[in-house]
Amino acid sequence: MKYPFLDLRAVQRPILEELQTAAVEVIASGRYLHGSNVSSLERELADRAGLAHGYGVACSNGLDALRLIFRGYMEMGRLAPGDKVMVAANAYIACVLPITEFGLQPVLIEPDTRTFNLDWKAADAAWIPDVKAVLAVHLYGTPCWDGDVARRLADKGVLIIEDNAQAIGARAQAGSALNTENTQAATGGLAHVAAYSFYPTKNIGAMGDAGAVVTPDAELAAVIRALANYGADKRYHNIYCGWNCRMDELQAALLRVKLRHLDAINMVREMRAKIYDKGICNQHIIKPEILPDMKQTWHQYVVQVDDRTRFTEYLTANGVGYDIHYAVPPHCQPCYAGKLAHDSLPVTERLAGRVVSLPIAHHKADATAEIAEIVNAYAP
Ligand SMILES: *Cc1c(COP(=O)(O)O)cnc(C)c1O
């Protein structure tokens with residue numbers, strides 16, 4: 001494959017020495033859990049989210065971050081089984097699993113085809129009783145945010161939860177973000193709480209699994225911190241039947257290195273997205289939009305095509321790797337067969353059959369332009 005979809009060795013290469021130094025320091029320190037790298041990373045994540053007075057809780061992965069958030073709100077009495085949670089129907093399976101796990105009911109909303117995200121105004125218009133939370137997933141790195149609607153819902157007592165797994169470093173037109181008066185504000189710090197994932201393929205990836213919760217809410221942070229550590233609020237004192245969802249020092253040290261390079265990492269992705277945007281011109285291919293008034297992180301560059309099988313065979317024949325995010329929406333997964341109440345979701349199902357992610361993570365500018373040329377030469 002001349003243009004692999006993703007080569008994680010190439011992703012680490014520019015900062016390999018810094019990563020190695022950090023790893024060696026942890027090994028030599030003799031401290032592998034509950035150390036200063038974890039606590040520093042937690043502080044740095046909250047700061048990057050614009051929450052100087054907020055809290056970070058490092059954890060085991062992105063799914064656990066979401067599980068900790070929903071369970072945390074249940075322990076606080078803010079959510080109860082049967083409550084409904086709005087989420088975009090085209091989001092990742094990990095966005096729906098932590099809702100159903102606790103007996104909450106997902107309300108699957110069709111995405112806005114321009115942003116691939118939950119349309120806040122449509123969600124507001126389709127409001128139904130018992131919706132107690134909205135999970136705003138910043139899919140593909142495009143902020144999912146409407147400050148006016150979010151503020152109105154929050155004022156009604158609705159919990160606004162961000163899934164920032166794909167969007168660390170993004171900025172939304174905040175307007176009336178819940179936590180800031182700034183015109184633009186970092187995703188992951190817009191709402192009541194946010195989940196992060198550092199799965200290796202994310203813009204900032206660990207060398208294994210890792211995740212985090214970031215929130216301005218001191219009480220929620222304390223509950224989540226306890227839940228992630230056997231339910232203990234202090235040593236050998238368990239106030240919840242908790243879990244072990246800790247992040248280790250090694251991952252935290254590596255992630256701190258990457259966090260220092262976050263803006264550069266995202267800038268290179270943005271540069272590639274711009275090369276695709278300028279270079280791809282094919283009536284059979286719909287490009288994602290570079291949206292004004294916000295900063296996207298381009299976790300994925302997702303095009304749409306009518307005959308996906310033909311297009312992906314063409315890409316493969318021409319040495320271009322690709323991936324599909326996601327071919328099967330959560331409500332069509334076998335684990336939910338006959339178990340998930342939802343309206344018909346034609347937009348979501350149509351998208352699932354048409355989306356193709358092009359390489360964006362590690363190519364040089366000239367390779368990106370070459371891929372654009374290959375895409376331009378596609379004819380169905
Ligand atoms: C990756 C991802 C998750 C899950 O994160 P893991 O670390 O793989 O558990 C959740 N939500 C979104 C939007 C993701 O992209």
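**Aromatic and charged pairs in a predicted model**

Let me begin with two residues, Phe 116 and Tyr 140, both of which are buried, where buried means under 20% relative accessible area, exposed means over 50%, and partly exposed is in between, with a 1.4 Å probe and protein chains only. What you see is a predicted model, in which local features need pLDDT of at least 70, side-chain atom pairs count only at pLDDT 80 or more, and totals for chains, interfaces and linings use all residues. Residues are numbered from 1 along each chain as its sequence is written, and side-chain values use heavy atoms, with hydrogens and water left out.

I turn to the rings. Those of Phe, Tyr and Trp (its six-membered ring) pair if their centres lie within 6.5 Å, and the planes count as stacked when under 30 degrees apart, edge-to-face when over 60, and tilted for the rest. By that rule there are nine aromatic pairs. In one of them, Phe 116 and Tyr 140 have ring centres 5.0 Å apart and planes at 75°, so this pair is edge-to-face. Phe 116 belongs to the loop between β3 (105–109) and α6 (120–125), and Tyr 140 to the loop between β4 (131–137) and α7 (147–155), so the pair ties together parts that are 24 residues apart in sequence. Helices here (H or I, at least four residues) and strands (E, at least two) are DSSP runs, numbered from the N terminus.

The rings of Trp 120 and Trp 145 have centres 5.5 Å apart and planes at 75°, so they too form an edge-to-face pair. Since Trp 120 is in helix α6 and Trp 145 in the loop between β4 and α7, this pair ties together parts that are 25 residues apart in sequence. Trp 120 and Trp 145 are both buried. Elsewhere, ring pairs join Tyr 276, Trp 298 and Tyr 301 into a cluster.

Which charged end sits over the ring of Trp 243, 4.1 Å from its centre? It is that of Arg 67, and Arg 71 lies over the face of Trp 243 as well, at 5.0 Å from the ring centre. A charge sits over a ring if NZ of Lys or CZ of Arg is within 6 Å of the ring centre and within 35 degrees of the ring normal.

Side chains of opposite charge can pair when their charged atoms come close. A salt bridge is a side-chain nitrogen of Lys or Arg within 4 Å of a carboxyl oxygen of Asp or Glu, and by this rule the count is 18. One of them joins Glu 101 to Arg 67 (2.8 Å, N to O), and it links distant parts of the chain, with Glu 101 in the loop between α5 (93–100) and β3 and Arg 67 in helix α4 (residues 62–75), 34 residues apart. Glu 101 is partly exposed, at 41% relative accessibility, whereas Arg 67 is buried, at 15%. Asp 64, Arg 67 and Glu 101 are linked in a network of salt bridges.

Another salt bridge brings together Arg 152 and Asp 124 (2.7 Å, N to O). Arg 152 is in helix α7 and Asp 124 in helix α6, so the pair ties together parts that are 28 residues apart in sequence.

Is Gln 251 buried or exposed? Its relative accessible area is 8%, and therefore Gln 251 counts as buried.
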